[in-house]
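Open the model in your viewer and keep the selection panel at hand. The stops below say what to select and what is there.

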Amino acid sequence: MAEILRGKPVAEAITEKTIAETEALKAQGIYPTLCILRVGERPDDISYERAAIKRCGKMGVDVKTVVLPENVEQKAFDKALMALNKDETVHGILLFFPLPAQLSDDRARKLLSPDKDIDGCTDISEAGVFANKHQGFPPCTAQAIMEIIKYYEVPVYGKTATVIGRSLVVGRPVSMMLMHENATVTTCHTKTPNTAEVARRADILVTACGQLGLVTSEFTNPDQTVIDVGTNWDNERGVFVGDVNFDDVEPNCKAISPVPGGVGAVTTCLLISHVVEAAKRASVSEVTE
């Protein structure tokens, strides 16, 4: 039986640490605040917004929302975002992508202040991940993977890792994070001809490709740690599942994260912890100016 790498205890540890940091800031008169900038009424955006607001409440972080109409013009959207950039009472800004067709995702990422980019979507945040520098913030899902690996003391130094998926949100940043921890990393994608063979040789397998049940026991080995980042709807069973065929893989690996209950449980906690870190950085900046 493989060890199940559940996200709940990881999230609880992050929450406890963040609450202590929040209380320390409040004692100095600093109230960490998240602003959610949402365009339109997409159900998935609203669902994530509710989860973020709930998590803010648990972690002592203030939150407010700015909701713009679905048909908002680029100029009005830019004005709203720039106003939040300048608002000193707002420490973190959460945007929901993709934006409606009349708005530019790339422009939004360029306009968003890296100091308030708590989900790691700006070019400066991405550069920070690749250069291993504390500028902006790493994407929350990629960091959640590393937090799970750290919490469960999965060896990384000198190990081999395979990452399936090359998105800027998960695949590429987590590949760099693993490399910064001295793993030898191979990234596989849709054009990789022998993904199963490459994956099977890895000590650590991270799959973030969004393909239901892609990873079977053919991809794994008995000494491997498997981190499943996929979130896919299984029509047959009416449930969300990962990229991994859990029932097939679990008997043939050393450790595995479940879906749901794995990486996703950690992601929102990190989002809120980034707000608190942004508030800390802003307070230090004010002192040194």
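The lining of the largest pocket has 25 nonpolar, eleven polar and eight charged residues. In this classing, Ala, Val, Leu, Ile, Met, Phe, Trp, Tyr, Cys and Pro are nonpolar, Asp, Glu, Lys and Arg are charged, and the others, Gly among them, are polar. The model is predicted: local features need pLDDT of at least 70 and side-chain atom pairs count only at pLDDT 80 or more, while totals for chains, interfaces and linings use all residues. Residues are numbered from 1 along each chain as its sequence is written, and side-chain values use heavy atoms, with hydrogens and water left out.

**Stop 1: the largest pocket**

Select Tyr 48, Thr 141, Val 169, Thr 231 and Thr 267, the closest to the pocket's centre of the 44 residues that line it. A pocket is found on a 1 Å grid over the protein atoms alone, as an open set of points where a 1.4 Å probe fits, with protein on both sides within 12 Å along at least five of seven lines; lining residues have an atom within 4 Å of a point. The volume is about 1400 Å³, taken as the space filled by probe spheres set on the points, which are joined across faces, edges and corners. Now colour α2, β4, α6 and α10 (263-288), each of which supplies at least two residues of this lining. Helices (H or I, at least four residues) and strands (E, at least two) are DSSP runs, numbered from the N terminus.

**Stop 2: the second largest pocket**

Which residues lie nearest the centre of the second largest pocket? Select His 134, Pro 138, Gln 143, Glu 147 and Lys 150, out of 32 lining residues. This pocket has a volume of about 1100 Å³. Its lining has twelve nonpolar, eleven polar and nine charged residues.

**Stop 3: two helix pairs**

Show α6 (residues 140-151) with α7 (residues 171-180): their axes come within 8 Å and cross at roughly 35°. Axes are lines fitted to C-alpha atoms, for helices over the stretch in contact, and angles run from 0 to 180 degrees between N-to-C directions. The contact (heavy atoms within 4.5 Å) involves Ala 142, Gln 143, Ile 145, Met 146 and Ile 149 of α6, and Pro 173, Val 174, Met 177 and Leu 178 of α7. Eight of these residues are nonpolar, one is polar and none is charged.

Next, show α1 (residues 8-27) with α2 (residues 43-59), which pack at about 65° with axes 9 Å apart. Select Ile 14, Thr 15, Thr 18, Ile 19 and Thr 22 of α1, then Arg 55, Lys 58 and Met 59 of α2, to see the contact. Here three residues are nonpolar, three polar and two charged.

**Stop 4: two sheets**

Select β3, β2 and β4: they form an open sheet of three strands in the order β3-β2-β4, with parallel pairing. Two strands pair if DSSP finds at least two bridges between them. The edge strands are β3 (62-68) and β4 (92-95). Helix α2 packs on this sheet, touching β2, β3 and β4, and its direction makes about 170° with that of β2.

Finish with the open sheet of six strands, in the order β1-β11-β8-β7-β5-β6, where the pairing is parallel. Its edges are β1 (3-4) and β6 (184-188). Helix α7 packs on this sheet, touching β5 (160-164), β6 and β7.
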